[in-house]
Amino acid sequence: MDDAIDAVLSIDKSAGLTSMDVVRRVKRLVGQRHVGHGGTLDPQASGLLPVCLGYANRLMQFLVDSTKEYHGTVLLGVSTDTYDAQGQVVAEHDPSFVTREAVEAALDRLRGTIQQTPPMYSALKHEGRRLYSLARSGVEVERAPREVEIFRLDMVQWTPPQLTLEVECGRGVYIRSLARDLGQLLGCGAHLVA
């Protein structure tokens, strides 16, 4: 494999592609097997996805464990089964009582080291099967909360019933779950729309 490429590519992933879709496309384009990504982005998320080729895969652990930054829009008052706009609506509540101050107070409770339950619609495995596969079959399993780090969580736009968050976090944080948790703390439900 003398002509193998050893590199880390910064790929601007479009919404609608999984992280593995991007890896498969890169494998096809460069014609080599040793290609991986440095952290999963949800299919509906767009953004920077680090992709490692060849010996650069040895850097993967550093990319996966590094701090990440996200920008997300949350819609208050509507809860979905996937915690994002792709899911089925499971509850609706009038969010007109929610104030900016209430959101800020709720965000305070979501900063630092928190316990977060992964969504059913995720690539995590339960007894060898992906959770999203179980969820699509109508099966819901108990998911243990995991300790995650939220280093920075700022509301950068408030246009009720929507708000935009900037998040700086550690490994394993689901921004969809953060949106859902915010909705639960506010008592109106919420989901991630972008």
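Residue numbers start from 1 along each chain as its sequence is written, and side-chain values use heavy atoms, with hydrogens and water left out. As the model is predicted, local features need pLDDT of at least 70 and side-chain atom pairs count only at pLDDT 80 or more, while totals for chains, interfaces and linings use all residues.

Helix α5 covers residues 175-186. With 12 residues, α5 spans 17 Å from its first C-alpha to its last, close to the 16 Å expected at 1.5 Å a residue; the expected span is 1.5 Å times one less than the number of residues. Burial comes next: a residue is buried under 20% relative accessible area, exposed over 50%, and partly exposed in between, with a 1.4 Å probe and protein chains only. Because 9 of its 12 residues are buried, α5 is largely enclosed by the rest of the structure. Among these buried residues are I175, L178, L182 and L186, along with the charged-type residues R176 and D181. Their cover includes strands β4 (68-76), β7 (112-116), β10, β11 and β12 (190-192), together with helix α3 (100-109).

The largest one holds 26 residues, and L76, L163 and L165 have the most contacts inside it. Two or more residues of this core come from each of β4, α3, β10, β11, α5 and β12. Contact means heavy atoms within 4.5 Å. Leaving aside residues up to four places away in sequence, L76 touches P95, V98, W158, P161, L163, L186, C188, G189 and A190. A second, separate core has 9 residues, including V22, V35, V51 and L53.

What of the cysteines? A disulfide is a pair of cysteine sulfur atoms within 2.5 Å, and a search of the whole structure finds 0 of them. The sulfur of C52 is 19 Å from the closest cysteine sulfur, that of C169, which is too far for a bond. C52 is buried at 0% relative accessibility, and C188, a contact of L76, is buried at 1%.

Charged side chains tell another part of the story. A salt bridge is a side-chain nitrogen of Lys or Arg within 4 Å of a carboxyl oxygen of Asp or Glu, and the count comes to 10. One of them joins D65 and R171, with N and O 2.6 Å apart. This pair links distant parts of the chain, as D65 sits in helix α2 (residues 60-65) and R171 in the loop between β11 (162-169) and α5, 106 residues apart. D65 is partly exposed at 48% relative accessibility, whereas R171 is exposed at 51%. Another bridge brings E168 and R152 together, their closest N and O atoms being 3.5 Å apart. Since E168 lies in strand β11 and R152 in strand β10 (residues 146-159), the pair ties together parts that are 16 residues apart in sequence. E168 is partly exposed, at 24%, and R152 is also partly exposed, at 24%. Both belong to a network of salt bridges that links R152, D154, E166 and E168. A further bridge, between E104 and R111, has an N to O distance of 4.0 Å; E104 is partly exposed at 29% and R111 is partly exposed at 26%.

K13 is buried yet has no salt bridge, and the nearest side chain of opposite charge, D21, is 7.5 Å away. For this comparison Lys and Arg count as positive and Asp and Glu as negative, with His and the chain ends not counted. Beyond residues up to four places away in sequence, K13 has contacts that include T18, V22, L41, D42 and P43.

Finally, Q44 lies in the loop between β2 (35-37) and β3 (47-53). Q44 is partly exposed at 39% relative accessibility, and touches A15, G16 and Q86 when residues up to four places away in sequence are not counted.

Methods
Helix = DSSP H or I, 4+ residues; strand = E, 2+ residues; numbered from the N terminus. Core = buried A, V, L, I, M, F, W, Y, C linked by side-chain atoms within 4.5 Å.
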